[in-house]
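Look at the sequence and structure first, then read on.

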Amino acid sequence: MDLETAKERAGPREFSPADDLPEEYRKAATRMIEFHANSEIMGAYLERPFIRQAPSIDRKLAFSAKVQDEIGHGQLLYRAAESLGVKTREEMLDDLANGDGKFLNCFHYPMESWVETPMIAFFVDGAAMRRQATLRRTSWEPYAHAMDKVCFEEGFHVKHGEDILAELMSGSKKEQQLTQEAFEEWWPRIIQFFGPTDDKSTHHDFAASVGLKQQSNDQLRNAFLDQYIPKARKYGLEIPDEPRIRERDDGTYEVEEDDLDWDEFFTIAKNDYEPGLDQINGRKAAQEAVQWVRDTIEGDASAAGGHAPQAAD
Amino acid sequence: MIWEVFRQEKTGQYHTHCGNVHASDREMAKQFAAIQHGRRKPTNSLWVVPREEIGEIDSEDVAFGGTTDKSYRWATAYNTTGRDASEVVESEDEQATAERQRGDD
Ligand SMILES: [Fe+2]
Ligand SMILES: [Fe+2]
């Protein structure tokens, strides 16, 4: 199939591994799905320490279930990416370990305290879910099928994250204050989750023209703000003064893009952001620590024989 | 030789199991599947798989999920306030349906 035909045919779940697709399509789809898969994995690693730090048994159970889900999402997505025939899962995982694999801006920032958890589990999962819901209509069928299962599970993540936020914001004055501070720190990053404005986005036009992407960065960001600003306010969070957000006459919102730190964003996008390197190297160390498990499963027992078994953490 | 047949009704949907056919090889299996399973019901694509290539594990071999209380895993377990995003509502509905179906047996 040539590119023109692919563009003409492009529709929800239109293309499957049975189709002979142009290289441009397969490469763009691989880049997009690999980024998504990497983000699931890096998000899981960011949240994993909070299984131990959870303040109650209920939170611990829910957090470990959520982290398990995210690793599963990564696995589903590597399969969907691999089925394009451009890159193998091993190559993608190795790229992620050696710092070449790209992933979401939010997962490059260290997360230290429990009050930060709803920033990821409510707001970032909420933002991700908004985007993922639209991707159930992407043109690469294996990707759309992965989104069916991911969206089924994500509702729990968002509601659980919201429940933590509600608990913190009805706790002591101190808790409320710390949560507000965490919110102020994370808010600009959360808004940047959706990437640069449409006119600065390099990959959007092509991905949209072949049906891979269903909505533009701006559409997604605005839909997110419409839903989540009222939620944040409801729990007593104050929206920071910057970035400036204008409320339009019809009740929707618009962000002053120049108030956001795009230098930092693009440094992160290149995996050059210093504080984020710990995230990348931490996962690399975990991957290496359990190499003996993979060797054993693959039947190369001699390779594992020389090492004392280690755990990933 | 027995071949299991999976039918997809429309582009983008899942291939679901719909029966099986006798055939001596893959080509014949595809022909028979098309005749037996692709004629009455709307069909976009069929898969044929040799039965002996299918691995099975059932509820006698292993306890599948859903037998212990893991309510913390369900969106429905969390009572939050305010209107939820439509995709969150949709996920919660799908989960509630799955939960009801588990309760049926
Ligand atoms: Fe996920
Ligand atoms: Fe999630």
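How much space lies in the second largest cavity? The answer is about 30 Å³. This is a predicted model, and the count comes to two cavities of 30 Å³ or more.

**The largest cavity**

About 40 Å³ of space lies here. From chain A, the lining takes in A:Phe122, A:Val158, A:Glu162, A:Tyr228 and A:Lys231. From chain B come B:Asp84, B:Ala85 and B:Val88. Five lining residues are nonpolar and three are charged. The lining of the largest cavity has no polar residues.

**The second largest cavity**

Both chains take part in this lining as well. Chain A provides A:Met129, A:Ala133, A:Arg136 and A:Cys151. Chain B provides B:Glu87, B:Glu90 and B:Ser91. Helix H6 (117-134) of chain A and helix H2 (86-103) of chain B supply at least two residues each. Which element gives the most to the lining of the second largest cavity? That is H2(B), with three residues. By class, the lining of the second largest cavity has three nonpolar, one polar and three charged residues.

**The cavities in a table**

| Cavity | Volume | Lining by class |
|---|---|---|
| Largest cavity | About 40 Å³ | Five nonpolar, no polar, three charged residues |
| Second largest cavity | About 30 Å³ | Three nonpolar, one polar, three charged residues |

Key
Residues numbered from 1 in each chain as written. Chains lettered and ligands numbered in written order. Predicted model: local features only at pLDDT ≥ 70, side-chain atom pairs only at ≥ 80, totals over all residues. Heavy atoms only, no water. 1 Å grid on protein atoms, 1.4 Å probe; cavity = no way out; pocket = protein on both sides within 12 Å on 5 of 7 lines; lining within 4 Å. Points joined across faces, edges and corners; volume = space filled by probe spheres on them. Nonpolar A, V, L, I, M, F, W, Y, C, P; charged D, E, K, R; others polar. Helix = DSSP H or I, 4+ residues; strand = E, 2+ residues; numbered from the N terminus.
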